[in-house]
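Please look through the sequence and the 3D structure below before reading on.

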Amino acid sequence: MRITGGKLKGRVIKCPDGVIRPAMDRMRESVFAILGDLDGKSWLDLFSGSGTIAIEAVSRGSTDVELCEKDKIKVKTVLDNVSIAEKECGVKIQCHFMPVEYFIKRCKRSFDYIFFDPPFPYKFHEQLVLKAEQAGLLNEGGMIMVHRPEEHFMSEKIGSLVRTDQRVYGRSIVDFYSYAKTEENKENK
């Protein structure tokens, strides 16, 4: 796996032992191109696997990045990958090794971007997005992205979030959710 853009473009990332389905380079490059400038933005990478998405965010300018991965087999590889990114970019990546569901319950802050990349057999995508939204994990004007297989349906609206974009990469889909614009919001802009 390689970082597709930013300061660390071309840098090879180690793949950990255990079950992993790394996000395709093409998909990662496309998602980050859609988002544009990440300078100074906060990022949360859930179901992090090797840490590649968090590292890609740092490489592209995010300065406040956290990741969460529950598989203890992946800890050493994630920490090795993250330490290289931290040294080269000067940004600390906060790592949490616990179930994502537990992290969402106890997290007391919010982020500009949240990327969910659960294992493909995972079936609770919508419930998790709703819990993150209800817990206040997403900043106003922020975006939640969910990487999922095509056979797992996602609603147009989840809580106060609406799907603003959807991209298909083979049998993978990435859904983009933001807060719904209300009439009051439109008048104040």
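Where in the chain is the place of Thr4? Thr4 belongs to the segment before helix H1 (25-35), where helices (H or I, at least four residues) and strands (E, at least two) are DSSP runs, numbered from the N terminus. This is a predicted model, in which local features need pLDDT of at least 70 and side-chain atom pairs count only at pLDDT 80 or more, while totals for chains, interfaces and linings use all residues. Residues are numbered from 1 along each chain as its sequence is written, and side-chain values use heavy atoms, with hydrogens and water left out.

**Around Thr4**

- Thr4 is buried, its relative accessible area being 10%; buried means under 20% relative accessible area, exposed over 50%, and partly exposed in between (1.4 Å probe, protein chains only).
- Once neighbours within four places in sequence are left aside, Thr4 is in contact with Lys9, Asp25, Arg28, Glu29, Glu56 and Arg60, contact meaning heavy atoms within 4.5 Å.
- The side chain of Thr4 makes a polar contact of 2.8 Å with the side chain of Glu56, and another of 3.0 Å with the side chain of Arg60.
- A polar contact is a pair of N or O atoms within 3.5 Å; within protein, one must be able to donate a hydrogen and the other to accept it, and residues adjacent in sequence count only if both atoms are side-chain atoms.

**The sheet and its strands**

- Eight strands form an open sheet with mixed pairing, in the order S3-S2-S1-S4-S5-S8-S7-S6; two strands pair if DSSP finds at least two bridges between them.
- Strand S3 (93-96) and S6 stand at the edges with a single partner strand each, so one side of each is left without a neighbour in the sheet.

- Helix H3 (residues 75-89) lies across S2 and S3 and runs at about 170 degrees to S3; axes are lines fitted to C-alpha atoms, for helices over the stretch in contact, and angles run from 0 to 180 degrees between N-to-C directions.
- Helix H5 (residues 125-134) packs on the sheet, where it touches strand S4 (111-116), S5, S6, S7 and S8, and its direction makes about 165 degrees with that of S5.
- The axes of helix H2 (residues 52-59) and H3 come within 10 Å and cross at roughly 5 degrees.
- That makes H2 roughly parallel to H3, since angles under 35 degrees count as roughly parallel, over 145 as roughly antiparallel, 65 to 115 as roughly perpendicular and the rest as oblique.
- The contact is made by Ile55, Val58 and Ser59 of H2 together with Asn81, Val82, Ala85 and Cys89 of H3.

**Salt bridges**

- The structure holds 15 salt bridges, a salt bridge being a side-chain nitrogen of Lys or Arg within 4 Å of a carboxyl oxygen of Asp or Glu.
- One of them joins the side chains of Glu69 and Lys74 (4.0 Å, N to O); Glu69 is buried at a relative accessible area of 8%, and Lys74 is buried at 5%.
- Glu86, which lies in helix H3, meets Lys92 in a salt bridge between their side chains (3.7 Å, N to O), and Lys92 is exposed at 57% relative accessibility.
- A polar atom of the Glu86 side chain lies 2.7 Å from the backbone nitrogen of Ile93.
- The side chains of Glu151 and Arg171 form a salt bridge (2.5 Å, N to O).
- Glu151 lies in the loop between strand S5 (138-149) and strand S6 (157-158), and Arg171 in the loop between strand S7 (161-169) and strand S8 (172-179), so the pair ties together parts that are 20 residues apart in sequence.
- Glu151 is partly exposed at 49% relative accessibility, and Arg171 is partly exposed at 43%.
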